[in-house]
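Open the model in your viewer and keep the sequence beside it. The stops below say what to select and what is there.

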Amino acid sequence: MTTTLGKCSEPVDNPGGWSSHPCGKRVTVIENDKGYCTRHSPAYKARKQRERHQRYEAERAASKAIADAAAEQRRRAACYPELLAALEIFADPATWLKQGNTHAIPVKATLIAQAAIARAKKETP
Ligand SMILES: [Zn+2]
């Protein structure tokens, strides 16, 4: 049996894309009883398509992660004034006393709140 691999006959677009010509490269792969150059082998094209799809999915996931992180930052920033106001009330022992709180003021919690307020306002506690 004489094996003449011949040339790849897969169509390749001409410049402009309105017409095509046969590839013409040396056949290196036989798939489904048809010869292809390495680049036009259906297995190679399928692998490349999978790789493109995986890259696309990875980029999409990365973009989504960035967008999600930015949305989370905006959400946190939106509640910042209320949290700071609540902390300021909590951190002021006078508030506790004014409300007739007879229990011991949670000093440690007050100190932590004061430190958080200072950091939020970029002051040194
Ligand atoms: Zn080819």
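Colour the whole protein by pLDDT, the predictor's confidence in each residue, from 0 to 100. The average is 86, and 86% of the residues score at least 70. This is a predicted model, in which local features need pLDDT of at least 70 and side-chain atom pairs count only at pLDDT 80 or more, while totals for chains, interfaces and linings use all residues. Residues are numbered from 1 along each chain as its sequence is written.

Next, switch to a cartoon view. The protein has three helices and four strands, in the order β-β-β-β-α-α-α from the N terminus. Helices (H or I, at least four residues) and strands (E, at least two) are DSSP runs, numbered from the N terminus.

Select residues 20-22, which form strand 2, the element with the highest mean pLDDT (95). Then select residues 93-98: this is helix 2, with the lowest mean, 71. Where pLDDT is low, the predicted coordinates should not be read in detail.

Now select helix 1 (residues 42-91) and helix 3 (residues 107-120), which pack at an angle of about 140° with axes 9 Å apart. Axes are lines fitted to C-alpha atoms, for helices over the stretch in contact, and angles run from 0 to 180 degrees between N-to-C directions.

Show side chains where the two helices meet. On helix 1 the contact (C-beta atoms, placed from the backbone, within 7 Å) is made by Leu84, Leu87, Glu88, Phe90 and Ala91. On helix 3, select Thr110, Ala113, Gln114, Ala116, Ile117 and Ala120.
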